[in-house]
Amino acid sequence: MYKLKGGFIIHNNKLIKKDIYIKDNLIVDHLEEAQEIDCTNLLIMPGICDLHVHLREPGQTAKETILTGTKAAAKGGVTTIFAMPNLIPYPDSLAGLKVEEDIIAKDAFVNVYPYACITKSEKGQELSDITALAKKVLAFSDDGVGINDYNLLKKAQQLVKQEKRIICSHAEDYHYIPTDNRSEYMAVKKELEVVKETKVRYHFCHLSTKESFIYVKEAQKLGLDVSCEVTPHHLFLNENMINDNPNFKMNPPLRSIDDQQATIKALLDGIASVIATDHAPHTKEDKNKPYAKALNGIIGLETLVPLVYTNLIKTGLAGYDMLIDWLVNNPRKIMGLDKVSLDSGNIADIACFDIFNSRIYKEEEIVSKGKNSPFIGQELYGFCKYTFVNGKLVYGGE
Ligand SMILES: [Zn+2]
């Protein structure tokens, strides 16, 4: 039993003082006796939900494990993550998925929802067992690769629609190289043509070009159930910052300042409704290579809230309510999870952030096995101090 004392919560877009009480796994109105947690001047929020995380296990445990990845999530105040299916074995059948589910049950510090693959081994040739997998997962993705066979994609969309699930698409058209904006937006355009026919619920991962947002906006105007996410790196970095540093290499790549500004605008205008990390840890061996040979991907769980808070909320570009919408309400809604709040009766998935103090983000503090962050050395506000999952303190208070 805990009393989170002296903190602020967000109410009607303002900060108000409120103590929060936790009994067992629930938030309650009041407790006579409880262990006090000093939350003086911390922002207390429902736990963050990240739709885009690569946990690497099973398969590539030198890069990350479910244990270390979810520990990194806990350190970032992220209490619910959706784990991408580029794993070995791939969760493209119930047997493959079971391997991942068993490790989650044993090792995870936070809530983990696995994605299942759309196609077998994400090869884009043959569909996964979508109907059977839909009983176990909320969403399907072949993240990391784009599906360019639109007949196959149509079949996938029809099956996913039938099962009332959602597709989260890594849109990439292989007629173009990744640094060509068309590699993204031509895929978005073509995929949306199929969505118009099937009416499936469709979510685009990590959109990064000006044109992509125009197509998504058109689809939304037509009344299609289409959403998209943007990442902190596409919001806060651009191609001019790369300087051959492999920690600035990812797919989709960093783009022009024009695209960066379009990404921010798409978020502020509500075309993109979610910020997700695309947390993609790598070993030093895979990353510390000449830029051209280094693998794609950067970590993000531990800096998600500090980056968004420092760059968008503290600057006044957006209000406190948007912090909750982008990071909690909208991702949960897209996946069909319950709406959560800090009111009594809710599950105690809670994170407390130090929004009034800044500090430098350092490599030594990184909990993820991957140290590949372009944000090392940045001074940021809003680092997490305490995280609770299901009423248990999973980060802080050491
Ligand atoms: Zn992707």
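## Phe204 and its surroundings

Phe204 is found in strand 13, which spans residues 201-204. The model is a predicted one. Phe204 counts as buried because 26 C-beta neighbours lie inside 10 Å. The cut-off for a buried residue is 20 or more.

Which residues does Phe204 touch, once neighbours within four places in sequence are left aside? The contacts are Ser169, Ala171, Val188, Val216 and Cys228. Glu229 is 25 residues from Phe204 in sequence. In space, the C-alpha atoms of Phe204 and Glu229 are 6.4 Å apart.

Strand 11 pairs with strand 12 (residues 166-169) in the parallel sense, over two bridges. Phe140 has Ile167 in strand 12 as its bridge partner. In a regular strand, side chains alternate between the two faces of the sheet.

## The whole chain

The chain has 11 helices and 18 strands. Its C-alpha atoms fill a box of roughly 60 × 45 × 45 Å, taken along the principal axes. A compact globule of 398 residues would have a radius of gyration near 21 Å. The chain has 20 Å, which agrees.

Buried residues make up 53% of the 398 residues. Consider the contacts between residues at least 6 apart in sequence. Of these, 75% join residues at least 24 apart.

The chain is divided into two domains. Domain 1 is made of 2-43 + 345-395, and domain 2 covers 48-335. Their centres, taken over C-alpha atoms, are separated by 25 Å. Domain 1 gives 28 residues to the contact, and domain 2 gives 40 residues.

Which elements give two or more residues to the side of domain 1 that touches domain 2? They are strand 3 (14-17), strand 16 (350-360), strand 17 (379-389) and strand 18 (392-395). Strand 17 brings the largest share, seven residues. By class, this side of domain 1 has 17 nonpolar, seven polar and four charged residues.

## Antiparallel pairs

Strand 16 pairs with strand 7 (residues 43-46) in the antiparallel sense, over four bridges. Here Ile44 has Cys352 in strand 16 as its bridge partner.

Strand 16 also pairs with strand 17. This pairing is antiparallel too, over eight bridges. Ile350 has Phe388 in strand 17 as its bridge partner.

## The nonpolar core

The largest nonpolar core has 118 residues. Ile44, Val110, Val216, Val308, Cys352 and Phe353 have the most contacts inside it. Helix 11 (residues 320-335) supplies the largest share of this core, eight residues. The core draws at least three residues from each of domain 1 and domain 2.

Take Val110, leaving aside its neighbours within four places in sequence. Its contacts are Thr70, Ala73, Ala74, Val78, Thr79, Thr80, Ile81, Val389 and Val394. Helix 10 (residues 304-313) is mostly covered, with nine of its 10 residues buried.

## Backbone exceptions

Most residues other than glycine have a negative phi, and most peptide bonds are trans. Some places in this chain depart from that. The peptide bond from Glu57 to Pro58 is cis, with omega near 0°. Pro58 sits in the loop between strand 8 (48-53) and helix 1 (66-76). Ile88 and Pro89 are also joined by a cis peptide bond, with omega about 0°. Pro89 lies in the loop between strand 9 (78-83) and helix 2 (94-107).

His206 has a positive phi, near 30°. His206 lies in the loop between strand 13 and helix 6 (210-221). Asp244 has a positive phi as well, near 60°. Its place is the loop between helix 7 (232-236) and helix 8 (257-268). Which of these residues is buried, and which exposed? His206 counts as buried because 26 C-beta neighbours lie inside 10 Å. Asp244 has 10 such neighbours, so Asp244 counts as exposed.

Notes:
Residues are numbered from 1 along each chain as its sequence is written. This is a predicted model: local features need pLDDT of at least 70, side-chain atom pairs count only at pLDDT 80 or more; totals for chains, interfaces and linings use all residues. Domain bounds come from an automatic or database domain assignment. Two residues are in contact if their C-beta atoms, placed from the backbone, lie within 7 Å. Ala, Val, Leu, Ile, Met, Phe, Trp, Tyr, Cys and Pro count as nonpolar, Asp, Glu, Lys and Arg as charged, and the others, Gly among them, as polar. A residue is buried if 20 or more other C-beta atoms lie within 10 Å of its own, exposed if 12 or fewer, and partly exposed in between; C-beta atoms are placed from the backbone. Two strands pair if DSSP finds at least two bridges between them. A nonpolar core is a set of buried Ala, Val, Leu, Ile, Met, Phe, Trp, Tyr and Cys residues joined through C-beta atoms within 7 Å. The radius of gyration is taken over C-alpha atoms; the globule rule is 2.2 Å times the number of residues to the power 0.38.
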